[in-house]
Amino acid sequence: MSKTAANPHGRFLLDHGSSLPLILPATLLVLVFLVGPFGYMTYTAMTDLSFANPDQKGAFIGFDNFRQLMRNDPIFWGSFWLTVRFVLAAVCIEFVLGFAIALLIWHFIKRQRLLTTLLLVPMMLAPVAVGLIWRLLLQGDFGMVTYYLHKLGLLSKASAIFSTPSLVMPAIIAIDVWQWTPFVTLIILAGLMSLPKSPFEAATIDGAGPWRQFTDIMLPLLRPIIALVLLLRGIDAFKEFDKVFIMTGGGPGTVSELLSIYAYRVNFKNWNLGYGATVAFMVYLVVLILCSVFYKAVYWKSANIGGR
Amino acid sequence: MAVSFTEVTKRFADGTTALDGLNLKFDLGEFVVLLGPSGSGKTTACRILAGLEHPSEGRIEIDGRDITNLPPRMRGIGMVFQNYALYSHKSVYENIAYPLRIRKTSPAELDRRVKDVAELLQIGSYLHRRPSQLSGGQAQRVAVARALVWEPTICLMDEPLSNLDALLRLHMRTELNRLHKRLNKTFVFVTHDQEEAMTLASRIAILKDGKLVQFDDPRTIYRRPANRFVAEFMGRPAMNTMDGMVENGVFRSGQVTCRVQCPDGPVTLGIRPEQIVLGGDEGFAMKLDVKETVEPDTLLIFTNDKGTLTVRTQRDCDDLAPGQSVNIHFPPDSLHYFDAKTGERLR
Amino acid sequence: MNRSYKILAVGVLACILVITLTPYLWMLLTSFKGRLDILSPDPRWFFTPTLDNYPAVFIDKDYLPLVLNSLIISTASTILSICIGAPAAYVFARTDFPGKEDLFFFFLTTRMAPPISIAVPLFMFFTLLGLTDTVYAVVIAHTTFNLSLVVWMMRGFFAEIPREIDEAAMMDGRSRLGAFIRVIIPMAAPGVAATAVLCFILSWNEFLYAFILVAFEGRPLTVGIPGLITPHGTLWGQVAAVAVVATLPILIFTFLVQRHLVRGLTFGAVKG
């Protein structure tokens, strides 16, 4: 960054050196409290540190933990694929539903303010509170939703959904859909509102009907926004912890043990910090990959939606 | 063989009336220019003909067939948009081919037609590019190509040149003129630029406040403007108009005095700046206020308490300086008379 | 035909709205219910409301300090992240330097980092500093993860202000920093406010960092919630009361900044 002043190509509004004090605190804070810990975690991942076993004081063991994880940890891989399935199912349903709702609002509702504001409610609630709400609603003996599902014949008996292994993941996906579909709706709606009118008019003149306008014009123009929504949701869903932790704690057994919850268990239930760091590292790695896709594919393109 | 607007009115939801009982009729094969200041309804008229807007009242016909309620794709009309409205995610080739793809043209025919029209508009070498890689002029040509490729009977152009820089605009203007001669299609062209209208149109429809004011060929519009509005709108610099009184065949307005052939009473007199004669001993004297040289012409602006008088001349004006008194003469043939109240042309 | 489609669409949207809002409404109702009404096997929509749950949990169970902790943590971390993040965002909006976009992206990755991967080493780090179990630990953690949001969001707001404004202010005799503080910040005030509110909401709602960093002293409301749930005999009325207090202020805030929310939630990529 000391090169700042030396770069002859940039347009410098800031006086020499005066940009440094402005940007330095932010950079330092992130370095100390995020990169530092991350580096430490990476180091810990290569040790045998465990609070549960007094013999494991944190000796350096190289990549043993990673080898163990890749080859001999069926629980990790079970959890990994569970997470992948959860992300795919939840994000796909949210996307299709959210897009459809956005189209409905865009097409039929003129005064959208109140409606979109109310739609915001689920996603602005603390995820912990969302977990609580649904835990209450899905109680076996007095849960409101359980009761109506039973009345509608969708549930054979009014039992607690979260203690029925086969129903746990579908319920968690449904709850994630409930919470985050409005997010997709809002973003897509913002995209729809920002679409230029003229390509659609041109397509009308060119003879395209509504369906062709949708597939030939609208979807391609919305592509950056669609990619953005899918990636943001994908990253968030992959990190999912709070709701599931409150609702099931990963159970019954490990039926709903998503990666974050597994990492939590290894670290704070088993106190196996070395191996826990390895798991956490893997979670970060996946998110980092998704994140760089987000950056490359989405951010800079979305700046000029519509174009000429 | 004609396009006709009958009593077409368009009111928007916000209460503005864009068109107010427009009546307009022209033949196929013409180059019609809809001209007017902003808010005159020219673009609305164009969009109603395209089918993008629906008239509140009135009827549109092509060849005697009522198309008022026909969807745009059934009208056989192509359109060039002001901002070009190219599909930014498709290549130039696909942009041009799109109307043909919708009409399920066979691949060979489609390819031939796209290449033909690209050739015609000299964009053959950009076919693989994206719209974002085109200059304004090239994007313009692509838009025209897309509008013409499926050979519609009518081609609408909504201020297509207004986003181009001055030089390119002149060039495209010539190009459009040539295109019209060659294709012999009906062009309907919307603009607020009277010079564009004059050079392109076979007939100019001048709109004001949603009504047709005059519909004539450019020469008639220039020489016999139907009212004071047209007179002042067409020509640059604008026609001089003066409100005054005629007494005993002599018109007076401030220092302006001249012999006229019209009955006594109030009248508005008009004369084009380029038709005023300087010097000589006829006429009246006025004080020169500002001198602007626009080679090869010189604009002389005279001011008195009743307003200003602009003169455009090609003669050498080095001898004139602001503040100087100059003799001015209005040749009788070049005078226009308008009703002092309504502004309508008197004869 | 067109009209009936519209009625159908409005109907569908109304149903969606009901599904969206009912769960929260139910929680709200539950917080005013007595034990019998809560445990009734068939849902009770109408009942005699009681206010007992609120004092029972906030006074008797001493949850009131948690509200205070939440307030302190959210307010402090918001102020800090704005004060540190806004100048950085301004630099990103106004200057070019080698590696600028990489540094910008780096801020994003910190935001996207799964809390579970950062929280563990952070926990060890704070143990070393003796900060665990204090609000400071949570304030620092929240400031750090909100920082990238501030940088990303504010860059857009600053970029929308023409450079000529800075230049005019400097021609008028202000220093660069003076132009930023006296001219640019006031002009971007709505953006600053929206960003701040969003930071506040995210900090208030955050669970995992706080859960790991503070066990008892200094824990915010979100961390207090799991403690109320027991395998048997959970007092749902009190749980609901806590949940209402933990969410209602946020909803009010949300309605205030609704206009800028889309932008914040997409890190400035969608203007909304």
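Predicted model: local features only at pLDDT ≥ 70, side-chain atom pairs only at ≥ 80, totals over all residues.

Q: OK. How many residues of chain C are in contact with chain A?
A: 81 residues of chain C, and they meet 85 residues of chain A.

Q: Which helix of chain C gives the largest share of that side?
A: Helix α1 of chain C, residues 2-30. It supplies 14 residues.

Q: And how do the residues on that side of chain C divide?
A: 56 are nonpolar, 17 are polar and eight are charged.

Q: Switching to the fold. How many helices and strands does chain C have?
A: 13 helices and zero strands. Along the sequence the pattern is α-α-α-α-α-α-α-α-α-α-α-α-α.

Q: What box do its C-alpha atoms fill?
A: Roughly 70 × 70 × 30 Å, along the principal axes.

Q: What percentage of chain C is buried?
A: Buried residues make up 50% of the 272 residues in chain C.

Q: And contacts along the sequence?
A: Take the contacts in chain C with a separation of 6 or more. Of those, 77% join residues 24 or more positions apart.

Q: Now chains A and B. How many residues does each give to the contact?
A: Chain A gives 16 and chain B gives 22.

Q: Which element gives the most on chain A's side?
A: α9(A), with seven residues. The elements giving two or more there are α9 (198-206) and α10 (210-238) of chain A.

Technical notes
Residues numbered from 1 in each chain as written. Chains lettered and ligands numbered in written order. Contact = placed C-beta atoms within 7 Å. Helix = DSSP H or I, 4+ residues; strand = E, 2+ residues; numbered from the N terminus. Nonpolar A, V, L, I, M, F, W, Y, C, P; charged D, E, K, R; others polar. Buried ≥ 20, exposed ≤ 12 C-beta atoms within 10 Å, placed from the backbone.
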